[in-house]
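Thank you all for making time this morning. I would like to walk you through one model, and I will ask you to keep the coordinates open while I talk.

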Amino acid sequence: MNTLHRLEGRLLLEGVSLDALAERFGTPLYVYSRQALEEAYQAYVQAFSETPHLICYAVKANSSLAILNFFAGLGTGFDIVSGGELARVLAAGGDPSKIVFSGVGKTADEMRAAIKAGILCFNVESLSELHRLSRVAGEMGRIAPVSFRVNPDVDPKTHPYISTGLKENKFGVPIADAPALYRLAASLPNLKVTGIDCHIGSQLIDLSPLADAADRVLALVDALAAEGITLHHIDLGGGVGIRYNDETPPDLDAYGRALAARFSGRHEKLLLEPGRSLVGNAGLLLTRVEYLKPGDGKNFAIVDVAMNDLMRPALYEAYHEIISVKQKNGSPTRYDIVGPICETGDFIGFARDMCIEEGDLLAILSTGAYGMSMASNYNSRPRAAEVLVNKNEIHLIRERETQDSLMACERLVY
Ligand SMILES: *Cc1c(COP(=O)(O)O)cnc(C)c1O
């Protein structure tokens, strides 16, 4: 995150002091850099400039309205996975004709809402879903645009929980079954076959599985064309990894060149569904050290961020860099940085060598993706506030939840 820098011992995001933000809004606090968001998007625009394309931001990575509104302003499309995400994109001013709808469990209500909004495409993930979509569109007297999400059966070499393109995953339809499904879709009423989709996993560090998946999908598209089934777009999903620790993420320009070579001379538009790589390194999470708890062989730093605020360490054993907001000199002590929740899985980082005192402010880095969007209220903890900074401007984009807002939907019985 090169919008984060130190100035005279203070840590700034763009032109804003993180200390001052924590003072003003409290902690835990998610903070995003507008410039970092913009740069991440421009990197895509540049890398894929040779290929007619549409970037459909994967909303689940960070679905805060102000973030969606920012991307809508850049003209991106959106990849949604629920009716809730559809409502958010529309509320944020997103263009419905640039929305693709993914997910294995779309309900009839979600289909109706998306058809009514006029989305670009349904990424259909099963035969049953295809039949349901045909029926729902028929009841509305509308035509639903469809792609199949095909499962190219390539190993993306990422964490098993975020790998989605192997044949044992629940996602998509086996690529071998796709021709028959396309023929069926072309024959069913109220459907229009428009594209094809695949998404093989997340936090991909190696380009070769992405290129392999593209080759398999393109071979299928050519086979379909030979049968007279022509597609308008080819959606190659998201999944490009980012640097959390010492990873070397794939070179976007190299990915762009690899796809430009494959798409040159083709008429289909390229769609991409990046999530993490657009927002992950544009956000950080501020936390206060509540207690230091020295132990026998292990020292704990108990902070006010917990697994409900940032689930990735507990869920995937994910690594996030943690730094002190105030620069300190001295000899570091090794700490496990943990939250206050009553779960052993409630950790933020293990074995970090740091100079910290109680009351210190820490920044948990690379938390713009799958941070706030995965947050919960476990242990009756209100979800964090969120701030977007733009040079010296500070925008509170989400207020901290209150105990009242947490209890608002509940009823007493006795
Ligand atoms: C999660 C998801 C994405 C985004 O993945 P990233 O790794 O965040 O880029 C894209 N498409 C689909 C279908 C997804 O489920």
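I will take the ligand and its surroundings, then the aromatic rings, and then the cysteines.

Please bear in mind that this is a predicted model, in which local features need pLDDT of at least 70 and side-chain atom pairs count only at pLDDT 80 or more, while totals for chains, interfaces and linings use all residues. Residues are numbered from 1 along each chain as its sequence is written, and side-chain values use heavy atoms, with hydrogens and water left out.

Let me begin with the ligand, which is surrounded by 14 residues, the closest being K60, S202, E273, R276 and Y370; a residue is near the ligand here if one of its heavy atoms lies within 4 Å of it. That shell divides into 3 nonpolar, 6 polar and 5 charged residues, where Ala, Val, Leu, Ile, Met, Phe, Trp, Tyr, Cys and Pro count as nonpolar, Asp, Glu, Lys and Arg as charged, and the others, Gly among them, as polar. Turning to individual atoms, an N or O atom in the side chain of E273 is 2.6 Å from a nitrogen atom of the ligand, a polar side-chain atom of D79 lies 3.0 Å from a ligand nitrogen, and for H199 the corresponding distance is 3.5 Å. The ligand taken alone exposes 380 Å², of which the protein buries 94%, with areas from the Shrake-Rupley method and a 1.4 Å probe.

Now to the rings: Phe, Tyr and Trp (its six-membered ring) pair if their centres lie within 6.5 Å, and planes under 30 degrees apart count as stacked, over 60 as edge-to-face and the rest as tilted. By this rule there are 9 aromatic pairs, and one of them, Y30 with Y32, is stacked, at 6.3 Å centre to centre and 10° between the planes. Y30 is buried at 0% relative accessible area, and Y32 is buried at 1%, buried meaning under 20%, exposed over 50%, and partly exposed in between (1.4 Å probe, protein chains only).

Finally, what does a search of the whole structure find in the way of disulfides? It finds 0, a disulfide being a pair of cysteine sulfur atoms within 2.5 Å. For C198, the nearest cysteine sulfur, that of C121, is 13 Å away. C198 is buried at 2% relative accessible area, whereas C409 counts as exposed at 72%.

How values were computed
Polar contact = N/O pair within 3.5 Å; in protein donor to acceptor, adjacent residues only side chain to side chain.
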